[in-house]
Structures are given as C-alpha cells and as structure tokens.
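Please read the following report on strand pairing, helix packing and charged side-chain pairs alongside the sequence and the three-dimensional view.

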Amino acid sequence: MTSVSKIAQWKALEADAAGLAETSLRGLFADDPGRFERFSLEAAGLFLDYSKNKITDAVVDHLIALATAADLEGARARMVAGEAINATENRAVLHAALRDFAGRTYHVGGEDVSRLVYAERTRMKDFCGRVHDGAVKGRTGKALDTVVNIGIGGSDLGPLMAVEALRPYWVKGRRAFFVSNVDGQHLADTLAQLDPETTLFVIASKTFTTEETLTNAQSARAWFLAQGGAEEDIAKHFVALSTNEHAVAAFGIDADNMFRFWDWVGGRYSLWSAIGLSIALQVGFDNFEKLLRGAHAMDEHFRAAPLRENMPALLALVGLWNRNFMGAGAHAVLPYDQHLHRLPAYLQQLDMESNGKRVRADGAAVGCATGPVIFGEPGTNGQHAFYQLMHQGTDAVSADFIAAAVSQTELGDHHEKLLANFLAQPEALMRGRTQEEAREELTGEGRTQSAIDRLAPHKVFPGGRPTNAILMEKLTPETLGALIALYEHKIFCQGVIWGINSFDQFGVELGKQLARTVRGELAAIGEEKPAARAHDASTNGLIDRINAIRRRAEGN
C-alpha cells in the first residue's frame, strides 16, 4: 500500500494549496456570485453549506480524484456487503444494518444478520411498551418510571447525547440518568436522587467485563439490596445490554431481560442497537424508530449519491483539505441548539477514537496528519470562551456550525438572536477585519490618532477561517438520526483516504493495563502499603504521596 501523500492526486492538492496561499476567502466570494449555490447541497433533511472554505472548483475536482484513487466507493460497497473491513479485529462493520428499513439482507459469515436485528428490535419494542404501560413492575408492585443507564464510551456517550437532544420528546413522567465515570461520586450523586422501588438499571457492556461499568453496576446492585431488595428482586430492576449471557445470569439478570448486539457493532456506533434501549425508554419506541429512520435516510443518500453530490463524502473531503493542506489541526463542533450540548463530546469519541491513528491498515506509518482534535460547546456559550482563539489565534481551527431554523421550544425572540449569532460568527471568521477597516471603525468612534495607532492592531481579524454550516428545519428524531449518520460516514470516508482502520481502538488499552498494576499498589484509607518501585520515578513518587495522604486521612 502506497501512502496517500505520495500519489499524484495528493501532489495536485498540494499545488492547489500553494496557489491559493495569497487568495482570501473574502475575495473568492466577491469574484464568484454563484459560490454558495455550487458549494452547498441538501440530503435527508439536512442542508450543508461548505462555501466558506478556501476551495475552488479545481480543488473539489482534485479531492474527488483523490477519493477515487483511494477507492472510496469500493470501500463503501465492501462495508455494506458485510466484509471484515475492520481487518485488525477481523470484524464486519454493519451499523447501517441496524437502521435499514429498505428490506435488504446483510450477511456476516454466511448468516443473515438482518433477521437478528429485526428480532432484537422487536424485543426492545415489546419491553418498552410493557414498561410504559406499567406492566413491568418493581419488587413492591410499583411501575418503573426511572432508568439509570450504566455504561461507558459508546455505551454512554451516544444514548446520553440522544436523550438530551430529544428532551421535548420525553415520555411524560419518566426520568433518565447516565452513569459512566468510575469515580464513585458519579454513581453516588445519582443514587441519591432515586427511588429504589421505581428504578430500572440498564447495564450496558458488550462483554459484561468492562471494569468501569461493572464496578458501577456492582455498587448499584449493592445499593439496591441495602435499600430492602432481595437477590430474587434483581431480575425485576436490572436489565443488560450485552453479548455475554453467562456473566449476565451470574449477576442475577433474567435472560429474558438481556438485549443482544453483535461484534460487528462497534461501541461508538452502537446507539442504533440494543444500546439505544435507554433512548427508547425515555422518548418512546416510536421516536427511537424515527431516529433510526433518519439515519437510514442519510445511509440511502450516502449509498447512492455520486461523490460530487454526496454530503458525507464532501464533508469528509473538505475536512481532509483543511487538515492536510490548510493546516487546521483542530476542528470545532458548534451546535447552536442547547439540546445538542452533548454532541461535541459524542463526536470527540466518534472521530478521535476512529481516526486518531498513526499507522495505516497495513501497519506502515501513515505519512500525513490524520484525525484532528475535536472540541466544541453550544453556541452562544463558546463565543464567550474559545472563539477568541478561533478568530485571532495563531492556529487555524476549522468548524462546523449546526442549527435548526425552528426551535424545539420557541420563547420570545431567543431563537432569532441565536440564529443571528449562528450566521454572524462564520461570516466574521470568513471575512475578518483588515487594518484599514479597524482604523476606520476607530475613527468613527471619535478616537484620537494615538488611540487609533495603539488599538488598531488589536482589532485586526485575519479572516479566512474555514467553516461549514449544517442547517435543519427543526431538531427532531429524524434529523438527529441523519446528523449522526452524516458524521459516521464522514469519518469513514476520511479513514479510507488516509488508509487507516477507523474501527479499532487499541489506543485505549495501554493506560488501562498499567492501571491494573497501579491499583494493587494504592492503599485504601488508613492502610499500610510498601513503597512502590515498579514504575518510573514520577509514578512511584505519586503513588507514595497518595498512600501517605490516605494514611493520614484516617485521623481526620
């Protein structure tokens, strides 16, 4: 496999970048009245404007040629065919099968997994219906009105993000909590708000061995028993989302209350599977299915649209252009919708765990920059925080601005003010402000010449900062599903072009392995432990200091 940075199509893009070095985005708009129409498109209820990137028709041509040389369309076909494109783990990648409503069959190892998907979704629907109508009762005969999802990573970030995004669709009278951090304060703060007679714990772990999740699950189990529950009551208040039936049964969960998914469902792509049970319980199964259908609509577009008209592919290619040729090492996700406040955190995992790789699928060095640093915050909060760096900092940061034209909750003129900022910030990032404009503005304010000379440099904005705008009519289950699928496919496309495997995550392992060793060298409060000597001087010193502090804490 040849590094993508060595092929002719990459070299053509390097030449494009050099040729545009002295060209301003403001100038590109001034010279081309049709720029917005050419560099925008609509699909699955979403509208994408990517015209505020330093691209030209020639750049887009060369990006499409790069994707073709990388066989992006072939990789797409192999993924949906169920081939083991996750080569390091020899697994298929078929999250699209979880939300396919076109009647297709998907085969893994000769088995039609579409039937398994339908069967498990039917079980989820039946369970949600029985919970919502009160047929599923707790140990004292009360209906279960509260769900606590215990998971981590994809078993937490996706469901939590979706539940928060769909807050207006919550089933009346229901509550949902999400516990992920092994820090006991996370669970303790949640337990303090619960009624043990009406709480259902959803334990989300594919292997049912994830340390953080099982630690929290065992503590929740102990709390439930301490509140008057008996061992036989565990089955009434705990369900599992897993593949490990033996471990689930050993925990005390009824096999009928274990909802399954499969090793061809990656954790960060799993909210469409049984991992989405907490979503369905909070917003109703009909709305959960609408979420799936929205993703399916984007899947259908991604399958069929040619690359030049394909929203995920174009978003990926523009992102690659900014990362590899425009020097943007960070990418901000900026939802101008408070209900999407967990979307940046969700996309951090989706993107950085997928494409934060330094070797290609064949094990050789990539030879170019791969996934950017993803961060973000809802607008307008971010404007009073990190936008300063985006506007006037020394590092280039690309950004996606996301908004709905109609609010889920209209209140006075709040949404008009929100949308005004959604529109103004990308314009400001694109236009910037010249020295002359800064001086003219200060003159108009009646400043003295010395004040103008002193302040003008601080009022200059370089401009030319690349942004995309993603607009929807309203944030609904369908448009949320389409938005998530858009980013899933974008990340896949970039991974294909860089030549990396976007579906493993070995980078999470080393620290966890070392933590198991360190754990045995940490003392409980008041306990004596010998000084640790198995690590570097810094780690040893910190272990010794922590142990000393915890010994002293017993006397406080």
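Burial is expressed here as relative accessible area, where buried means under 20%, exposed means over 50% and partly exposed covers the values in between, computed with a 1.4 Å probe on protein chains only. The model is predicted, so that local features need pLDDT of at least 70 and side-chain atom pairs count only at pLDDT 80 or more, whereas totals for chains, interfaces and linings use all residues. Residues are numbered from 1 along each chain as its sequence is written, and side-chain values use heavy atoms, with hydrogens and water left out.

**Salt bridges**

A salt bridge is taken as a side-chain nitrogen of Lys or Arg within 4 Å of a carboxyl oxygen of Asp or Glu, and a search of the whole structure finds 33 of them.

| Pair | N to O distance | Relative accessible area |
|---|---|---|
| Arg-26 and Glu-437 | 2.8 Å | Arg-26 23%, Glu-437 28% |
| Arg-76 and Glu-73 | 3.8 Å | Arg-76 11%, Glu-73 37% |
| Asp-100 and Arg-104 | 3.0 Å | Asp-100 12%, Arg-104 29% |

Helices (H or I, at least four residues) and strands (E, at least two) are DSSP runs numbered from the N terminus. In the pair of Arg-26 and Glu-437, the arginine belongs to helix α2 (residues 25–31) and the glutamate to helix α18 (residues 435–444), so the bridge ties together parts that are 411 residues apart in sequence. Arg-76 and Glu-73, by contrast, both lie in helix α5 (residues 72–80), three residues and about one helical turn apart; Arg-76 is buried, while Glu-73 is partly exposed.

**Two open sheets**

Strands count as paired if DSSP finds at least two bridges between them. Five strands form an open, parallel sheet in the order β6-β5-β7-β8-β9, with β6 (175–179) and β9 (258–260) as the edge strands. Within this sheet, β5 (residues 146–150) and β7 (residues 199–204) are joined by five bridges, and Val-147 has Leu-200 of β7 as its bridge partner. Contact means heavy atoms within 4.5 Å, and helix α6 (residues 113–132) packs on the sheet by touching β7, β8 (238–242) and β9. Axes are lines fitted to C-alpha atoms, for helices over the stretch in contact, and angles run from 0 to 180 degrees between N-to-C directions; the direction of α6 makes about 145 degrees with that of β9.

The other open sheet has six strands in the order β1-β2-β13-β12-β10-β11, with mixed pairing, and its edges are β1 (40–43) and β11 (373–376). Strands β12 (residues 397–406) and β13 (residues 467–474) pair in the parallel sense over seven bridges, with Ala-404 opposite Met-472 in β13. Helix α20 (residues 477–498) packs on this sheet, touching β2 (46–49), β10 (330–335), β12 and β13, and its direction makes about 155 degrees with that of β13.

**A helix pair**

The axes of helix α4 (residues 57–69) and helix α14 (residues 311–324) come within 10 Å and cross at roughly 105 degrees. Angles under 35 degrees count as roughly parallel, over 145 as roughly antiparallel, 65 to 115 as roughly perpendicular and the rest as oblique, and α4 and α14 are therefore roughly perpendicular to each other. Residues making the contact include Leu-63 and Ile-64 of α4 and Leu-317 and Trp-321 of α14.
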